[in-house]
Amino acid sequence: NSDQLHLWWLGQSGFLIQWQGHHLLIDPYLSDSLTKKYQGTSKPHVRMTERVIDPERLGFIHVVTSSHNHTDHLDGETLIPLWKANPNLKVLVSRANVQFAAKRLQVPAERLTPIQAYHESVHIEPFLFSAIPSAHESLEQDQNGDHRFIGLIIQIGKWTIYHSGDCVPYNGLVERLHDWDIDIALLPINGRDPARGVAGNFTAEEAAQLGKQIHAGLVIPCHYEMFEFNTISPEPFVDAARRIGQPYRLLKCGEQLELK
């Protein structure tokens, strides 16, 4: 089936998408950089799942995206080796984040592909990317009005995928998403507990509810079971999705899903 889509969850908010031999990486975190960075602090990032794959082995990636600048979504120790393995790699970031990302990835800013919320889509064959703002936990813009946290709508073949990046519900989000017919919504479910000391995300119930509100064909929850201090059991998400009749799929870290 030429329109078959293959999707792997790589842990946290990272996904690998394959369609007709083209490969897209979304927000990959494939290193131990945060565990090393926070060792011995009040916020130890103790891993719950092993790294799925060494980025150096992913020598077939066409495009990689980053929804915002936090290291678990823009990781130098993942993206620098990835770029070495894929010299023609396209890296898509919010226009607000280009300078920061260029510095972290040790490349000239011109090597990055910027995208802006609400502006025309960015076409990197065969993927069509559109961006909308995400609130992590607030909507943040730079001096040009560009959003620092974005969600991506990715159109590929007959498929439309929404990856929210890190996000909480905000006024206008559902209405914006109604412009698309979302087949798959990739949504964080770890919630927001101020005691964790980090910006939060949708709760399990909110993620299920958003899927229902935007009539998503399928919700795949993410952003849990990576770090012990910032996780949740997926059970409340499953309960909420079942209760409101929202189709979902739980993946194990590294598991593949085939969609026809």
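**Entry 1: strand 10**

I began with strand 10 (residues 159-163) of this predicted model. Five of its five residues are buried, so strand 10 is largely enclosed by the rest of the structure. I noted the cut-offs: buried means under 20% relative accessible area, exposed means over 50%, and partly exposed lies in between (1.4 Å probe, protein chains only). Helices (H or I, at least four residues) and strands (E, at least two) are DSSP runs, numbered from the N terminus.

Which way do the residues of strand 10 point? W159, I161 and H163 point one way, and T160 and Y162 point the other way. All of them are buried.

Next I looked up the partners of strand 10. I used the pairing rule that two strands pair if DSSP finds at least two bridges between them. Strand 9 (residues 150-156) runs antiparallel to strand 10, and five bridges join them. There I154 stands opposite I161. The hairpin of strand 9 and strand 10 has two residues between the strands, and G157 takes a positive phi near 55° in it. Strand 11 (residues 184-188) runs parallel to strand 10, with three bridges. On that side I161 stands opposite I184.

I also wrote down how to read the model. Residues are numbered from 1 along each chain as its sequence is written, and side-chain values use heavy atoms, with hydrogens and water left out. Since this is a predicted model, local features need pLDDT of at least 70 and side-chain atom pairs count only at pLDDT 80 or more, while totals for chains, interfaces and linings use all residues.

**Entry 2: strand 3**

I turned to strand 3 (22-26). Four of its five residues are buried, so strand 3 is largely enclosed by the rest of the structure. Strand 2 (residues 14-19) runs antiparallel to strand 3, and five bridges join the two. F15 stands opposite I26 here. The hairpin of strand 2 and strand 3 has two residues between the strands, and Q20 takes a positive phi near 50°. Strand 4 (63-66) runs parallel to strand 3, joined by three bridges. L25 stands opposite V64 in strand 4.

**Entry 3: the cores**

I looked up the nonpolar cores. A nonpolar core is a set of buried Ala, Val, Leu, Ile, Met, Phe, Trp, Tyr and Cys residues joined through side-chain atoms within 4.5 Å. The largest one has 57 residues, and F129 and Y162 touch the most other members. Strand 9 gives the most to this core, with five residues.

What does F129 touch, leaving aside its neighbours within four places in sequence? Its contacts (heavy atoms within 4.5 Å) include L24, V63, L92, I115 and I154. Another core lies apart from the largest one. This other core has 21 residues, among them L30, I61, L74 and V107.

**Entry 4: helix 2 and S94**

I checked helix 2 (residues 76-85). Its buried residues are G76, T78, L79, P81, L82 and W83. Their cover includes strand 3, strand 4, strand 5 (90-94), helix 3 (98-105) and strand 6 (112-115).

S94 lies in strand 5. Is S94 buried or exposed? It has a relative accessible area of 2%, so S94 is buried. Leaving aside its neighbours within four places in sequence, S94 is in contact with S66, I115, H147 and I150.

**Entry 5: aromatic pairs**

How many aromatic pairs does a search of the whole structure find? It finds three. Rings of Phe, Tyr and Trp (its six-membered ring) pair if their centres lie within 6.5 Å; planes under 30 degrees apart count as stacked, over 60 as edge-to-face and the rest as tilted.

The rings of W9 and Y224 have their centres 5.1 Å apart and their planes at 35°, so this pair is tilted. W9 lies in strand 1 (residues 5-11) and Y224 in the loop between strand 12 (218-222) and helix 6 (235-244), so the pair ties together parts that are 215 residues apart in sequence. Both W9 and Y224 are buried.

F237 and Y248 form an edge-to-face pair, 5.8 Å centre to centre with 85° between the planes. F237 is buried, at 0% relative accessibility. Y248 is partly exposed, with a relative accessible area of 23%.

**Entry 6: the whole chain**

Last, I looked up the totals. The protein chain has six helices and 13 strands. Of its 260 residues, 55% count as buried.
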